[in-house]
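This report walks through the packing of a two-chain model. Keep the structure open while you read.

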Amino acid sequence: MVKDLRPNKGKFSADLLAILRDWQLYLMMLLPLAFYVLFCYKPMVGVLIGFQKFNPVGGMWKSNWIGLENFRFVMKMPDFPVALGNTLLLNFMGLIAGFPIPIILAILLNEIKSSKVKRTSQTLLYLPHFLSWVIIGGMVLQIFAPTTGVVNATLLKWGWIDENIPFLTEGWPWRITYTLVGVWQSMGWGTILYLSAITGINMELFEAARIDGANKLQQIWHVTLPGIRSTIVVLLILNVGQMMNISFDRPYIMGNTRVQAYCDVLSTFVYRAGITNAQFARATAIGLFQSVVGLIMVSSANFVTKRLGEDGIW
Amino acid sequence: MSTKKEMAVPHMGKEKSIWTFPQIVLVIVILMVSMLCLLPFVNVIATSLSSKSAILRGDVGFWPVETTTIAYEAIFRDNSMWHSLWYTVLITVGYTALAMLLTILMAYPLTKKRLRGRRFFNLMALFTMYFSGGTIPIYLNVKEFGLLDTPWALIIPGVLSTYNMIILKSFFTSIPESLEEAATIDGANDFQILIRVYLPLSLASIATLTLFYAVGKWNSFQDALYYITKKDLQPLQLKLYNLIKGSQSVDLTAIEGGASTVATNISESIESATIIFATLPILVVYPFVQRYFVSGVTIGAVKG
């Protein structure tokens, strides 16, 4: 307040006084800021080794600069386009299969009048979100196993199939299994944002639609869906912006050597090159490429969201 | 929420019972989808309680066949399993406590408009959500600090989640400033205001975030795989993964037709029992804490 009355001249001393006055607040932030600097920003400087011939003994400061050599090398590795393609394809399949389902589920859940049924089904639907991928992967491995797995065993018993479906051991079946398991894991949790958006719709709109003679389906089409339109648009754009990013756990755990050409994605490729094979500089180059493209995509997604008149993410 | 509102409005009188035909169909559909989320567990539990021969014949569906608890006995006799469980609990508790401390300490000052440099600190935190050093620089950083193969590698590198910090910050912002002013007049300093005024009012959010952190750590696998090679420092998820991976190679040779019965005898039932063993803590806590999670997600999405 003092600052506003006195332009420029006293600003510095006013700031200084304010900082001294709030020393306890700064003291509080000391530990978290140390974390940000040492464990978030320091590794960001570390991306520079992507431009070096990295010397593991001397570290970053004693390594030689080689420009874009690592990037060139990595782009020529046969695994790179495979991993990049798989990343985009698996994300795309996940988006197509996984995006509409939470919307439909949320609308259905919202129409349920019995709050007991609603609560019970929500409890069950959210459950998979809380399981680790190791656990889900273990379950998938069992359930879709040939002969002993419940899916193959049942289908064989009923005579629907003559031989095992290779859910986890052949390319396309693996991709589809991977996608559907992802849908299974996230569909319930994904309803939360839509449900809260639906709750935010003015009840009078439903009332008005009812009076105008709209049936349930027409109410959903003309009131509910337009009411959650902005949520849908924002989430869709954000999802598209995330196309380059893929988690590590799911592809790594669900993958196996027989579908190596289908399950190898950027995150697992970086792990293999960097940590397993200690090719630090090259793996950093891949990671940096991914981060930069990812950041550009998220920023453009945010830009598009704002242009459409929605609230962006920043 | 909406159901309550709808019920409060008296309808034209024909909807005395909520169980109209479309409602019944809807409920059946939703319950079937919900069961889909539960059935895999039922199958894994059934497998864990079935005999090896029944599993190998593919007889086990959603009920144990030739019931036996031998798999659980094997796990309970395995000391390394208990060690791993206890160790994972310790890591989770330690991590969660530290993470909450840092989250509170970062979120609170950032809600104060009078704080000089607030914008800068805010941006500094936010930026880490969109850009990071990436796997390898982070790995090398952990290595430089000498944390590889220590429990600290599982605790420190992810000890503050900016996302959670923002959730807490938005909650702190909703607390009226007049409370702080009153406390200041009474002579309280910033630490006292945080501890005596803000924290008691934010217990629900703090519970939510504690659970976010705890579940995240309990389930985390990647950091253990990257940073831990010593067997007795492996948390439960990594141990479980190694177990599953071991039997996976058995499964794959079985397809190629080269399986020995001995190899197959390590059997799915032990694997299933371990899966249940590792999930149990979450399944026990889950029903009680579910509602906290939901409120957390909504706040995070609105304010994030």
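Start with the largest nonpolar core. Of its 138 residues, Ile286(A) and Met106(B) touch the most other members. A nonpolar core here is a set of buried Ala, Val, Leu, Ile, Met, Phe, Trp, Tyr and Cys residues joined through C-beta atoms within 7 Å. Helix H5 (residues 79–110) of chain B gives the most to this core, namely 11 residues. Helices are DSSP runs (H or I, at least four residues), numbered from the N terminus.

This is a predicted model: local features need pLDDT of at least 70, side-chain atom pairs count only at pLDDT 80 or more, and totals for chains, interfaces and linings use all residues. Residues are numbered from 1 along each chain as its sequence is written, and chains are lettered from A and ligands numbered from 1 in the order in which they are written.

Two helix pairs are set out below. Axes are lines fitted to C-alpha atoms, for helices over the stretch in contact, and angles run from 0 to 180 degrees between N-to-C directions.

| Helix pair | Axes come within | Crossing angle |
|---|---|---|
| H5(B) and H12(B) (residues 203–219) | 9 Å | roughly 140° |
| H16(A) (residues 266–276) and H17(A) | 8 Å | roughly 160° |

H16(A) is therefore roughly antiparallel to H17(A) (angles over 145 degrees). From H16(A), Leu266(A), Phe269(A), Val270(A), Ala273(A) and Gly274(A) take part, and they meet residues of H17(A) including Phe280(A), Ile286(A) and Gln290(A). The contact of H16(A) with H17(A) has seven nonpolar, three polar and one charged residues. Ala, Val, Leu, Ile, Met, Phe, Trp, Tyr, Cys and Pro count as nonpolar, Asp, Glu, Lys and Arg as charged, and the others, Gly among them, as polar.

Ile286(A) also touches Val74(A), not counting residues up to four places away in sequence.

Phe280(A) lies in helix H17 (residues 280–307) of chain A. Is Phe280(A) buried or exposed? Phe280(A) is buried, because 26 C-beta neighbours lie inside 10 Å; the cut-off is 20 or more. Leaving aside neighbours within four places in sequence, the contacts of Phe280(A) include Ile49(A), Phe54(A), Ile136(B) and Leu140(B). Contact means C-beta atoms, placed from the backbone, within 7 Å.

Finally, the chain contact. It takes 84 residues from chain B and 81 residues from chain A. The chain B side divides into 53 nonpolar, 23 polar and eight charged residues.

Notes:
Helices (H or I, at least four residues) and strands (E, at least two) are DSSP runs, numbered from the N terminus. A residue is buried if 20 or more other C-beta atoms lie within 10 Å of its own, exposed if 12 or fewer, and partly exposed in between; C-beta atoms are placed from the backbone. Two residues are in contact if their C-beta atoms, placed from the backbone, lie within 7 Å. Angles under 35 degrees count as roughly parallel, over 145 as roughly antiparallel, 65 to 115 as roughly perpendicular and the rest as oblique.
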